[in-house]
Amino acid sequence: MFERPDVGERAIIVHIDFTSYEDTEDPDEFRELVWSAGVEAVGVITGTRKQPSPRLFVGAGKLEEIRDAIAANEADVVLFNHALSPSQERNVERELKCRVLDRTGVILDIFAQRARTHEGKLQVELAQLEHMSTRLIRGWTHLERQKGGIGLRGPGETQLETDRRLLRERIKSIHRRLEKVRKQRNQGRRARNRADIPTVSLVGYTNAGKSTLFNRLTTSTVYAADQLFATLDPTLRRLELPDIGPVVMADTVGFIRHLPHKLVEAFRATLEETTQASILLHIVDCHDHRRDENIEQVEEVLAEIGADEIPVLQVFNKIDLLDGFSPRVDRNEEGIPVRVWVSAVSGQGMDELFDAVVERLAEDVVHHFVCLRPVDGKLRALLHEAGSVLAENHRDNGDSVLEVRLQQRDWLQLLSRAGMTENDVTLEQT
């Protein structure tokens with residue numbers, strides 16, 4: 001076996017349309033992936049087959065075409081817009097004498113470049129090791145299993161077995177460390193649940209503008225770029241919303257079609273922020289011609305991680321790229337906001353988005369006109385202290401009528417602190 005060279009910066013892209021497959025990969029999206037990985041695509045090889053070749057994935061003629069493209073463009077790596085089996089990847093490398101990566105390998109490389117936090121790096125390493133464990137090859141022969149002979153008897157161990165054992169031990173170690181991170185996240189979530197603080201989680205297809213919108217909403221400085229998978233690590237920020245109070249907003253990793261299951265599993269700790277959210281903001285690039293397909297892919301991943309029952313508010317982003325389009329809120333038959341059209345870059349539609357989020361979270365907000373007697377002064381003081389009084393009128397008999405708006409849970413807590421129940425309060429109709 002030849003020595004594998006390091007990955008270079010010049011790549012040949014291979015995309016094959018298989019007539020026997022209904023759901024094929026998108027070549028344009030793969031070019032974006034390659035660009036996001038920092039690799040220059042110097043050639044594209046396309047073709048059509050009924051189904052992949054079991055040994056080389058492509059036919060002999062197509063393999064020769066790839067070999068010629070490598071020589072003509074002085075390419076360092078061949079990138080397949082498909083999932084190759086370990087044996088196919090090894091066989092193609094042996095034939096081309098060139099580094100070969102499939103679609104999963106490209107995504108893993110991007111993940112490795114983007115991970116910034118300790119947790120993110122652990123998750124990327126775990127995904128890489130699990131992907132690599134099926135692709136180990138024996139590069140030496142000097143560690144062949146020991147033969148018999150005096151002083152040399154014993155079970156011995158090939159280099160391949162040594163590598164696999166070390167990989168298994170490292171994978172177990174990473175799982176243990178990620179379990180600690182998961183427990184820490186659970187503690188933070190339990191604390192937020194005890195304080196009744198809602199969580200708003202941003203989800204969406206990669207490069208839909210989640211981090212840019214997150215920065216606009218929270219005035220943060222999260223890394224945002226026009227790249228696929230610019231965000232890997234979850235970022236949490238506290239935000240004050242009218243009538244709602246404090247909420248926690250979470251920016252999460254973007255989804256992509258045919259995201260390998262191992263990657264979903266490796267990023268389970270990150271995606272748990274999504275499964276525990278009070279509401280999901282599904283960010284959609286409304287300018288993308290694959291908009292509807294991308295929405296379906298995100299919904300599939302949400303179902304896969306068990307987040308498909310959480311209320312969703314769609315946010316159609318990038319309306320600044322559409323001609324003559326203004327921000328608006330789309331509602332369903334019941335008058336509930338289901339879609340908001342905004343631009344995270346220009347700031348258009350931010351007020352409408354805030355109002356829609358508040359309205360969706362405020363489904364348990366109470367709006368009362370409360371008649372309080374002079375002896376109910378404690379409740380009156382508590383309502384003013386909480387900032388829940390919108391207006392107040394005094395009557396000649398000393399009673400006060402307060403217009404209040406607050407969360408149902410807060411209303412019950414204030415009544416309890418005042419030593420009262422809902423039956424002790426007179427509510428008036430306007």
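**A closer look at Glu299**

Mentor: Glu299 is located in helix α10, which covers residues 291–304; helices are DSSP runs of H or I with at least four residues, numbered from the N terminus. The model is predicted, so local features need pLDDT of at least 70 and side-chain atom pairs pLDDT 80 or more, whereas totals for chains, interfaces and linings use all residues. Residues are numbered from 1 along each chain as its sequence is written, and side-chain values use heavy atoms, leaving out hydrogens and water.

With a relative accessible area of 41%, Glu299 is partly exposed (buried is under 20%, exposed over 50%, partly exposed in between, with a 1.4 Å probe and protein chains only). Together with Glu296, Glu300 and Glu304, Glu299 forms a negative surface patch. Patch residues have over 30% relative accessible area and no salt bridge, with like charges joined within 9 Å and nonpolar side chains within 5 Å; a salt bridge is a Lys or Arg side-chain nitrogen within 4 Å of an Asp or Glu carboxyl oxygen.

A positive surface patch is made up of Arg164, Arg168, Lys172, Arg176, Arg177, Lys180 and Lys183. Of these, Arg168 belongs to helix α6, residues 159–194.

Asp351 is in helix α11, residues 350–361, and is exposed, at 58% relative accessible area. Its C-alpha atom is separated by 9.5 Å from that of Pro327, 24 residues apart along the chain.

Finally, consider the cysteines. Cys286 is buried at 7% relative accessibility, and Cys371 is buried at 11%. The structure has 0 disulfides, a disulfide being a pair of cysteine sulfur atoms within 2.5 Å.

Definitions and conventions
Areas by Shrake-Rupley, 256 points an atom, 1.4 Å probe, with all protein chains shown as cover. Lys, Arg positive; Asp, Glu negative; His and termini not counted. Charge placed at Lys NZ, Arg CZ, Asp CG, Glu CD. Helix = DSSP H or I, 4+ residues; strand = E, 2+ residues; numbered from the N terminus.
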